[in-house]
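Hi everyone, thanks for making time.

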Amino acid sequence: MKVLIINGPNLNMLGIREPEIYGSKSYDELLEFVREVAFGLGIEASFFQSNSEGDIVDAVQEAYGKMDGIVINPAAYAHTSIAIPDALKAVSIPTVEVHLSDILTRERYRHFSYTSEVCIKTISGEGFEGYRGALEVLLEEFKK
Ligand code: DQA
């Protein structure tokens, strides 16, 4: 099973950015964590990070016919972008949304996610572990 892990704007700043919210581990450490989890589950993981909405749309479109699942942390675009869920709908690849922090207990403008409308599950507030949960959900879906 092939899974694309997409991380949106400012997640490349993990470890530096608001560590009291996002933790002290870096983006590279997140990739290392996800790589190990994926390996353990027998999943072939590839990674994409961008600070630009259009680049994320392009990455979703490029996954068409190549990927069996997508894990996406759209970051702030979860709350603003319609183009990203439109792209996910267009390719019809099972997708799980992850947020490191619990978006439901933060500022009101983070409570709603457009992306969640097209995802089979949204995992929020579990830190790096959320990515493990997302891969497990996709694996179960793939086995159906
Ligand atoms: C985030 C939550 C978003 O609200 C925020 O804009 C981010 C990160 C998270 O992982 O907790 O950049 O997606």
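Let's start with P94, which sits in the loop between α4 (83-91) and β4. A word on those labels: helices (H or I, at least four residues) and strands (E, at least two) are DSSP runs, numbered from the N terminus. What you're looking at is a predicted model, where local features need pLDDT of at least 70, side-chain atom pairs count only at pLDDT 80 or more, and totals for chains, interfaces and linings use all residues. Residues are numbered from 1 along each chain as its sequence is written, and side-chain values use heavy atoms, with hydrogens and water left out.

Back to P94. Is P94 buried, exposed or partly exposed? Its relative accessible area is 28%, so P94 is partly exposed; buried means under 20% relative accessible area, exposed over 50%, and partly exposed in between, with a 1.4 Å probe and protein chains only. Now find I70: from P94 it is 24 residues away in sequence, yet 6.4 Å away in space, C-alpha to C-alpha. Setting aside residues up to four places away in sequence, P94 touches D68, G69, I70, I120, L138 and E141, where contact means heavy atoms within 4.5 Å.

Two strands count as paired if DSSP finds at least two bridges between them. How many bridges join β3 to β4? There are 3 between β3 (residues 69-73) and β4 (residues 95-99), and I72 has E97 in β4 as its bridge partner.

On to charges. Side chains of opposite charge can pair when their charged atoms come close. We call it a salt bridge when a side-chain nitrogen of Lys or Arg is within 4 Å of a carboxyl oxygen of Asp or Glu. The whole structure has 6 of them.

R35 is partly exposed at 42%, and E32 is partly exposed at 38%.

Another joins E140 to K143, at 3.5 Å. Why about one helical turn between them? Because E140 and K143 are 3 residues apart in helix α5 (residues 129-143). K143 counts as exposed at 57%, while E140 is partly exposed at 47%.

Then there's E107 with R106, at 3.6 Å. R106 counts as buried at 17%. R106, E107 and R110 are linked in a network of salt bridges.

Last stop: R17, in the loop between β1 and α1 (19-22). R17 is buried yet has no salt bridge, and the nearest side chain of opposite charge, E18, is 4.2 Å away. (Lys and Arg count as positive, Asp and Glu as negative; His and the chain ends are not counted.) Beyond its neighbours within four places in sequence, R17 is in contact with P9, N10, L11 and Y22.
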